[in-house]
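The sequence and the model come first, and the notes follow.

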Amino acid sequence: MNPLHRCGPRWSRMPLLLMVSVALELLAVHPAPVLGALELQLDEEQPAGTVVGDISAGLPAGVTAALYFISDHEGTGVGTDLDIDESTGVIKTARVLDRELRDRYHFIAVTMTGVTVEVTIRVNDINDHGPVFPKKRAAFGIPEQTAIGTKFPLDPAADADGGLLSTQGYLIKDGNIGQAFTLETRRGSNEVLYLDLVVNAILDREKRSTYTLSLEAFDGGSPKRADQMTLDITVQDINDNAPVFNQSRYHAIISENLPPESNILQVFATDADQGDNGLVLYEINRRQSDPDRYFVIDRHSGVITLNQPLDFEMRRVHELVVQAQDNASQPEVTNAFVTIHVRDYNDNQPTMTIIFLSEDGSPRISEGAQPGQYVARISVTDPDYGDIDAETGIITTLSQLDYEKDPAPSIRVVATDGGRPPLSSTAVVNVVLQDMNDNEPVFGSSFYNVSIKENTPAGTCILEDDGDEDDVESVSFGP
């Protein structure tokens, strides 16, 4: 396209061929060095028809012009956005200008005498745009215990205005409980004001798990323009809490005849963390307790169950160390103690031991023993109750003994425990009486009449009398 391609309305009435011919002739005869320069400016958003300036103001001193040829390259916006009067040189806006679409216009005006003026029109920015966040609401997570001073970049607000009228700052309007966060900004080479969210306090999810911040971006206009957005912050859990039992020590009392698989008690622990970090699992520490596995614990519920029969006589108290740990990759562990007392069940009979109190320990006693003399001592033992000594357990004579009536009396002893139902044992104590000479001989008759033949040989028995005596010693007769 010819750089001198159009004229204003006045010249548009001339034949096109004549206009082109004159322009070519002028350029051929008068080379067109740039002798003048004109810089104009106006604020954007002015109504169409607003006077921008006069080309003649850029002519050298003493030079006037009655006609201007305007160079208009395609895409410069001169032909569409400006209304230039070629006869007067007055420049007006043909439409409302928007600096954000085009911030300057540039063209060359040539007079009929070949004088050129380079015209630059700058469109001044006005605060017709405010900062705009790319999203009205955003969300992201920050791990708890994040170090103070840690920065998290946020999407900056965009402002079509430039300079002081662009985005000048950010602030937290609401939701910053405990001043947990601050904002930092930095200006990029593209004049965008970038934004960082800075951790300003130790975050503890167990105390506060979410923050809802209201952010504002503002420009430098007067009055300023602003935009708001909501930032939803989730404090992400880390495994910074160990399980906590609802009591440090548990107690239970069970009978020794409790069948296996019976539930005994339940331990309970909580963990303030989330997810696997807060999932509590239980186990019995076998290194420190119950190596024989009398008891087992449900890993998830904490219910302790009897695993095998108990024996009170072997062990009366069982101490368990129960661990609660979370399910994190590096779990936290807490211990609690469980004391289980075994209550005796009457499953054993008393056992008796008889000790005779004679000098040689034999079951012998003289029939002449006086009432109250010690005969034997009975020691009773019951595994369920230990030693039993009803009174003293000593057997004594109650009345005068008589060998001739009962040379070997027997005593039946029954030992009964206090269980419900009671169990008992029976023992028979056999005592041998020693006879003493407490009876005189007695003839069968006070008078005997015996006839014998003469010449009876000496030594012939003529009379026999046993001589009644209760004692066991032999009886002898005198002449």
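Buried means under 20% relative accessible area, exposed means over 50%, and partly exposed lies in between, with a 1.4 Å probe and protein chains only. In a regular strand the side chains alternate between the two faces of the sheet. Strands (E, at least two residues) and helices (H or I, at least four residues) are DSSP runs, numbered from the N terminus.

E10 runs antiparallel to strand E13 (residues 193-199), and four bridges join them. Two strands count as paired if DSSP finds at least two bridges between them. Opposite Pro153 stands Asp196 in E13.

Ile148 lies in the loop between E9 and E10. Ile148 counts as exposed because its relative accessibility is 51%. Leaving out residues up to four places away in sequence, Ile148 touches Val199, Asn200, Ala201 and Ile202; a contact means heavy atoms within 4.5 Å. The C-alpha atoms of Ile148 and Ala180 are separated by 9.3 Å, and the two residues are 32 apart along the chain.

## The four-stranded sheet

Four strands form an open sheet of mixed pairing, in the order E9-E15-E14-E11. Strand E9 (137-143) and strand E11 (167-174) are the edge strands, each pairing on one side only. On average, neighbouring strands of this sheet are turned by 30° against each other, direction ignored. Axes are lines fitted to C-alpha atoms, for helices over the stretch in contact, and angles run from 0 to 180 degrees between N-to-C directions.

E11 and strand E14 (residues 210-219) run antiparallel and are joined by six bridges. Within this pairing, Tyr170 stands opposite Ala217 in E14.

## Aromatic pairs

Rings of Phe, Tyr and Trp (its six-membered ring) pair if their centres lie within 6.5 Å; planes under 30 degrees apart count as stacked, over 60 as edge-to-face and the rest as tilted. The count by this rule is five aromatic pairs. The ring centres of Phe133 and Tyr170 are 6.0 Å apart with planes at 45°, so this pair is tilted. It links distant parts of the chain: Phe133 is in the loop between E8 and E9, and Tyr170 is in strand E11, 37 residues apart. Phe133 and Tyr170 are both buried.

Phe181 and Tyr211 have ring centres 5.3 Å apart and planes at 90°, so that pair is edge-to-face. This pair also links distant parts of the chain, with Phe181 in strand E12 (residues 181-187) and Tyr211 in strand E14, 30 residues apart. Phe181 and Tyr211 are buried. Phe245, Tyr250 and Tyr282 form one aromatic cluster.

## The E7-E8 hairpin and the three-stranded sheet

Strand E7 (residues 104-111) and strand E8 (residues 116-124) run antiparallel, joined by seven bridges. Thr116 in E8 is the bridge partner of Val110. This hairpin has four residues between the strands, and Gly114 takes a positive phi near 95°.

A further open sheet has three strands in the order E3-E6-E5, with antiparallel pairing. Its edge strands are strand E3 (51-54) and strand E5 (82-84), each pairing on one side only. Neighbouring strands here are turned by 20° against each other on average, direction ignored. Three bridges join E5 to strand E6 (residues 90-93), and the two run antiparallel. Ile91 in E6 is the bridge partner of Ile84.

## Whole chain and confidence

The chain holds three helices and 32 strands. Of its 479 residues, 36% count as buried. Among contacts with a separation of 6 or more, residues 24 or more positions apart account for 66%. The chain exposes about 28,100 Å², of which carbon and sulfur atoms supply 51%; accessible areas come from the Shrake-Rupley method with a 1.4 Å probe, and for residues only the protein chains shown count as cover.

The mean pLDDT (the predictor's confidence in each residue, from 0 to 100) is 82, and 80% of residues reach 70 or more. Residues 1-24 have pLDDT below 50, and this stretch has 29 contacts in the model beyond near neighbours in sequence. Over residues 385-389 pLDDT also stays under 50, with twelve contacts beyond four places in sequence.

Residues are numbered from 1 along each chain as its sequence is written, and side-chain values use heavy atoms, with hydrogens and water left out. As the model is predicted, local features need pLDDT of at least 70 and side-chain atom pairs count only at pLDDT 80 or more, while totals for chains, interfaces and linings use all residues.
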